[in-house]
Amino acid sequence: MKMLFALAAVFALNAQAASLNDLNELKAPFKLAALPYANNALEAAVDAKTMEIHHDKHHQAYVDKLNENIGSEKGDLKSILANASKRSDLVRNNAGGHWNHSFFWTVLTPKAAEQKMPARLKKEIDGAFGSVDKFKEAFEKAAAGRFGSGWAWLIRDASGKLAITSTANQDNPLMDLGKETGTPVFGLDVWEHAYYLRYQNKRPDYLKNMWKIVNWKQVDEYDQEALKK
Ligand code: MN3
């Protein structure tokens, strides 16, 4: 029995946040969870070396710097982000970095069944953007147009509508930055570290390929969770 509990604890530590709530409720000291697939599982769009460096070095550094700078903070990750404007740049950037990457890994998948967009989500995207192709076009435009480093997002905005937005650096739509805010249901990292080894300066090519590995099943689940708020 003891063995079972120990095993369960190991799995809990390594499990990716499968819900927005799980991710939002993380508290210090923060930990880097293992990727939910092998480094080479997403080769259709991202090479193994990029995945390894991105997760093991970049994401680890956000976690470490967040823990070093968070002090005696008792609040959860969501409340840290919701007060980002009042925090030091170190806390804002590394709390954002930890949330954004933890989220990002879960919206990608090598599994064909998860890459199929559920009918419910397709209907929502058709309704908001006209068609899935039009959504992708608008999303790629936002992602390609983000100057320098940052993220592109599909969010449920304050009024509950699906909207596309982008943020600089490690900011995200959960932060109180006075710009377009809402609940992320999908996001893409457009920092050069996410694509440079394979795509060099060709960010649009990276964006086009990323559609092959989107976990639409997970995005659909995030969207249903966002709608309940
Ligand atoms: Mn990154």
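Guide: Buried denotes under 20% relative accessible area, exposed over 50%, and partly exposed the range in between, with a 1.4 Å probe and protein chains only. The model is predicted, so local features need pLDDT of at least 70 and side-chain atom pairs pLDDT 80 or more, whereas totals for chains, interfaces and linings use all residues. Residues are numbered from 1 along each chain as its sequence is written, and side-chain values use heavy atoms, without hydrogens and water.

Visitor: Why does Leu-154 count as buried?

Guide: Its relative accessibility is 0%, so Leu-154 counts as buried.

Visitor: What makes His-54 a donor of the manganese ion?

Guide: Donors are N, O and S atoms within 2.8 Å of the metal (3.2 Å for Na, K and Ca); water is not among the atoms, so sites may look incomplete. The NE2 atom of His-54 belongs to a set of protein donors, with His-101 (NE2), Asp-189 (OD) and His-193 (NE2), that lie 1.9 to 2.2 Å from the manganese ion.

Visitor: Why is the pair Phe-104 and Trp-151 called edge-to-face?

Guide: Rings of Phe, Tyr and Trp (its six-membered ring) pair if their centres lie within 6.5 Å; planes under 30 degrees apart count as stacked, over 60 as edge-to-face and the rest as tilted. The centres of Phe-104 and Trp-151 are 5.4 Å apart and the planes stand at 90°, so this pair is edge-to-face. Both residues are buried.
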